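Please look at the structure below.

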Amino acid sequence: MSVPLRQQLAVGSYLIKQKIKGVKKYPLVLMLEPLFRCNLACAGCGKIDYPDDILDKRLSVEECLAAVDECGAPMVSIPGGEPLIHKEMPQIVAGIVARKKFVYLCTNALLLRKRINDYTPSPYLTFSVHLDGLKERHDTSVCQEGVFDIAVEAIKLALGKGFRVTVNCTLFQGETPEEVAEFLDYAMELGVEGVTIAPGFSYERAPKQDVFIKGLDVKNLFRGIFKIGKNRKWKLNHSSLYLDYLAGNQNYDCTPWGNPTRNVFGWQKPCYLLADEGNANSFQELLDDTPWDKYGTVKNPKCANCMAHCGYEATAVEDTLAHPLKALWAAVRGPKTSGEMVAEKQPEFVASFKKSAISEIPVKVES
């Protein structure tokens, strides 16, 4: 991992406290979504398909900071939409930094050059710049030419001013291990702190549905990437066991409460990715009233192909705490890139559907 020692110690201390107190469901990262409005319309995005009255809504500074306090997670990710559109974002970030929470301000960087002087470098603030590959791949992904060049210049500017900068990369259909490896090499040359990388979630609201990579294709892609990367010094912002999971070597259930979402509707059930499952009025209500047993890759068809870090990184962290030697070994050797993958669990919703379908077949009994 490329996370600074200060952050590792703070998060580690938080995790140990949860274990000592016997807390079963605790947040690791608050997904704070103060608006849905964006200045791009990416092919794989399911966050901007709302009417204008919803896209015009904003969480206030007070609402954002109340969510941070209520949740208590040591890290706060601010996605969108595009957060830099929010006029009070500098005050929101300053309030989170003052609480000594580690905030990742996610941005497509189109506005970063214009707004960067509104922010002060801090070990608690990181600009997480969205790049889905090199120039052609990224511009195709965001459906607009020239965005890659703007983002790269903004990254260089932020680094030059002393900001922490990471890259957030989402992989879609058509990627090859060689292309992704070339992109990761380039990201390291830029000098960013690290890269967050994961397969795209197949949003039902996304304008294009044929862009998502799923199932075995995801695992084979990551095995190919990690095989190339064994002798390269890539800095990936993930736990060793999450990377091993992406390569098909761990069989995890998701931990949706590990990354709770607060947006303009309230606390989103059950996670950042499923937008139509209802909302809670408070974080405690989210924990208490969400039917967690309904969700997960084997329990719900909406979750069937999800391998996103917002669902599985927290699971990998839990596994790390339970099996530190396994995590250390995975970190030392890197993800396994050959041999059998772990067997996948049979989806319960498929069995339930078949049983239901059979029971509804009319049977004629003749005497």
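**Serine 128**

Serine 128 touches Leu105, Cys106, Thr107, Thr166 and Asn168, leaving aside residues up to four places away in sequence; contact means heavy atoms within 4.5 Å. Serine 128 is part of strand E4 (residues 125-130). Its relative accessibility is 6%, so it counts as buried (under 20% relative accessible area; exposed is over 50%, partly exposed in between, with a 1.4 Å probe and protein chains only).

**Basis of the values**

This is a predicted model, in which local features need pLDDT of at least 70 and side-chain atom pairs count only at pLDDT 80 or more, while totals for chains, interfaces and linings use all residues. Residues are numbered from 1 along each chain as its sequence is written, and side-chain values use heavy atoms, without hydrogens and water.

**Salt bridges**

The whole structure has 14 salt bridges (a side-chain nitrogen of Lys or Arg within 4 Å of a carboxyl oxygen of Asp or Glu). In one of them, arginine 232 pairs with aspartate 185, with the closest N and O atoms 2.4 Å apart. The pair ties together parts that are 47 residues apart in sequence, because arginine 232 lies in the loop between helix H9 (215-228) and helix H10 (240-246) and aspartate 185 in helix H8 (residues 177-190). Helices are DSSP runs (H or I) of at least four residues and strands (E) of at least two, numbered from the N terminus. Arginine 232 is partly exposed at 36% relative accessibility, and aspartate 185 is partly exposed at 24%.

**Helices H12 and H13**

The axes of helix H12 (residues 309-322) and helix H13 (residues 324-333) come within 5 Å and cross at roughly 115°. Axes are lines fitted to C-alpha atoms, for helices over the stretch in contact, and angles run from 0 to 180 degrees between N-to-C directions. H12 and H13 are therefore roughly perpendicular to each other (65 to 115 degrees; under 35 is roughly parallel, over 145 roughly antiparallel, the rest oblique).
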